[in-house]
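Welcome! Let us walk through this structure together, one part at a time.

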Amino acid sequence: MRNDRREFLRTAAAMGAVLAWGGRAHASRLAWREREDLYPEGVASGDPDSHSVILWTRRPFAAGARHMLSVEVAEDQAFHRVVARAQAPVSAAADWTARVLVGGLQPSRVYWYRFADSEGNGSRVGRTLTAPRDDDQHPVAFAFVSCQSINEGKLNAYRRMIFEDERAKPEDQLGFVLHLGDFIYEVVEYPEEIATRYDRTVYEVTRLPEGGKTGKFHYPLTLDGYRAVYRGYLADPDLKDARARWPFVAIWDNHEFSWQGWQSILKPGDGGRPGQTLKVAANQAWWEYLPSRCRKAGGASLETFDPPVVKDVKIERWDTDGLGDEPNNLAAINSLIGYRAFRYGRHLEMIITDQHSYRSQDPFDHPELDKLTPTEFIGMFQEEAAQVLDGGRAFNGGHPPAELTYNGASVANPQKDAPPQTILGAEQKAWFKARLRASTATWKIWGNSQGTPDWRGDPQNLPAGMTKPWPGGFAILGAGDYGTAYAERSEIYDLVRDAGITGFAIVSGDRHSFWAGYASAALPPGKFEPVGLSFVGGSLSSPGALESYEHRLRKDHPLRPLFLVDRQGAAKPDPTFNMLLKHGVRACLEYAKTFDLARARALSNPELSPHLEFVDLGGHGYATVRLSAEEMRTEFVCIPRPITRSERPDGGDLRYRVAHTARLWKSGERPRLVQRVLDGDPGLSI
């Protein structure tokens, strides 16, 4: 026990948390009375293992630089059996936030916790759960979520999740919530400047104390600005209720730092520039507001982030993998290490990666590439050219073309001398691959904020005369994530195949849409060889691609039927964009002509998307995963577009609930998904 406690002390110091240690149960001795108004962001817990969990709250004070809170952890909601207690400091230096690592707990156990100040003014009561032992054979259940803009929507999905979990059998309840990024959107709209966007009301989030502006969006330029955004988001009652019910396991996406930023380069939509100081500030605010086991670089302080001192310096040198070899850049991105893994019983190894801090430059981020594709082809780019750009100087065995030529236009290959694209970066990727290879869990789940399935269409099958001729071959309809990181994705999938790894699956977010299918390094005409499963969860509230097209795509555009079909008398057009990705242009055009779904699917292009079983580019909600020794079951729980807050206890209506089930496959076998519609109608998503 002494050794365990000593190790926990070291762990707590690395993450910046005080330690509370579990022991014999006693009745509470705390003079606690609830004053939720004094704890405006509620309580939270995070990153559970089988014997510990991290607790969090924020208690601001009007005077003094530092105060102490008491925390209690109990086996019962009435706090008659308190098993741990501690003193937790809060200070202005950490924006009055507290982190407590509670060790010495029992596996697979529900615990209750609360905080109080020296006068007995108490937080709300929180509920948390520890993980099962590594050898526990019971099934595991969790939810994964992402993209929760409260500037333009409401978090009704959390209410639905809570409602269903409270009524589930104990063995079927969720063990944790995996948050895959865009916990906040650092770009903030002010309602008096833009009252609506699309058909959404723009809601007040915060006012930035100092900020920049691009278009109608304001963005932080200081640590206090990021903190203000987190406080604005945590004013949402449904988010606070979710954090008070389950431990969250989180990783950031892009909006926790900068809209289109990467490494420590700030890119809020108006060009890139050095942002080392803001990368550190973004990491500090994330650390302050999301309890996690992420490792901070700022020393052994138990209550403050202690950020490294950096300057905003232009990055002029890059290593062989595209990492900016500049001391301030390296210090900034390493000020908080987000990638980590944890074991959850016999059946789950969750391996979480950071997709933005170490990535190379997006190979598609070159304005001259727009010349290669006629504007008539909405959002489409030639797949072969995308593979050239991704491969950089390594393409074609180290002989990339000097020029890219399509449709009568030529541009110099901007990636000819660049390294192949990496999203993970060399060091993180080596860690990820080693962890994946060594895992003994039944299911190895890669939790990342970026989707992996290819977005592609087949405009080569458009009827002659409908528009200008397509340059040839398949088209991509989205870039910037693993869907076009062909080389790195192949490297990972080849490892899974060659090492005989089974039970490999990916859960991801960011695309504001639901996807279910297979992890394959190549698609036809290449060798389709699935080695695992791939899922993307819909956004909790953020607008998606279909919503944008509903408002921006001209009704007389010749290719509109590939994206939207207007049905007489319908409130909204039918989303043929889903069909374009799964079945191809011939299916879309048939549906637009006849509205006969069976006839449309009969024209599906079998070479287009053998990797997809389901896609809904307009889906909002969340996904749940249940893992056992025999199977993985993933349910998509889709809600109507969350423009206003539902007052119903269940969060409002469902659009659909669809289950995707796969039996555990043997080494060398292909995984197989079986799909079942449980509620509602997913429409053109199948």
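## Two helices that meet: H2 and H4

In this predicted model, Tyr158, Arg159, Ile162, Asp165 and Glu166 of helix H2 meet Asp238, Leu239, Asp241, Ala242 and Arg245 of helix H4. Contact here means heavy atoms within 4.5 Å. Helices (H or I, at least four residues) and strands (E, at least two) are DSSP runs, numbered from the N terminus. Sorted by type, the residues of this contact are 4 nonpolar, no polar and 6 charged. For this sorting, Ala, Val, Leu, Ile, Met, Phe, Trp, Tyr, Cys and Pro count as nonpolar, Asp, Glu, Lys and Arg as charged, and the others, Gly among them, as polar.

Two packed helices are described by the angle between their axes and the distance between the axes. H2 (residues 156-166) and H4 (residues 237-245) pack at about 35 degrees, with their axes 9 Å apart. Axes are lines fitted to C-alpha atoms, for helices over the stretch in contact, and angles run from 0 to 180 degrees between N-to-C directions. H2 and H4 cross in the left-handed sense; that is, the near helix is turned anticlockwise from the far one by less than a right angle, while clockwise would be right-handed.

## A second pair: H9 and H10

Now look at helix H9 (residues 426-438) and helix H10 (residues 486-498), whose axes come within 10 Å and cross at roughly 20 degrees. H9 and H10 are therefore roughly parallel to each other. Angles under 35 degrees count as roughly parallel, over 145 as roughly antiparallel, 65 to 115 as roughly perpendicular and the rest as oblique. The crossing of H9 and H10 is right-handed.

On the H9 side, Lys429, Phe432, Lys433, Leu436 and Arg437 make the contact, and on the H10 side Glu488, Glu491, Ile492, Leu495 and Val496 do. This contact of H9 with H10 has 5 nonpolar, no polar and 5 charged residues.

## The sheets

Follow the strands of an open sheet with 11 of them, in the order S1-S7-S4-S3-S17-S12-S11-S34-S35-S36-S37 and with mixed pairing. Two strands pair if DSSP finds at least two bridges between them. S1 (18-21) and S37 (673-680) are the edge strands with a single partner each, so one side of each has no neighbour in the sheet. On average, neighbouring strands of this sheet are turned by 30 degrees against each other, direction ignored. Within it, S35 (residues 631-639) and S36 (residues 656-663) pair in the antiparallel sense over 8 bridges, and Thr634 has His660 in S36 as its bridge partner. Helix H5 (residues 276-289) lies across S4 (53-58), S7 (97-103) and S17 (247-250), at about 55 degrees to S7.

Another open sheet has 3 strands in the order S24-S29-S28, paired antiparallel. S28 and S29 (residues 475-476) share 2 bridges, and Gly457 stands opposite Ala475 in S29.

Most residues other than glycine have a negative phi, and most peptide bonds are trans. Asp95, though not a glycine, has a positive phi near 55 degrees, and Asp95 sits in the loop between S6 (82-91) and S7. The peptide bond from Pro524 to Pro525 is cis, with omega near 10 degrees.

## How to read the numbers

Residues are numbered from 1 along each chain as its sequence is written. In this predicted model, local features need pLDDT of at least 70, side-chain atom pairs count only at pLDDT 80 or more, and totals for chains, interfaces and linings use all residues, while side-chain values use heavy atoms, with hydrogens and water left out.
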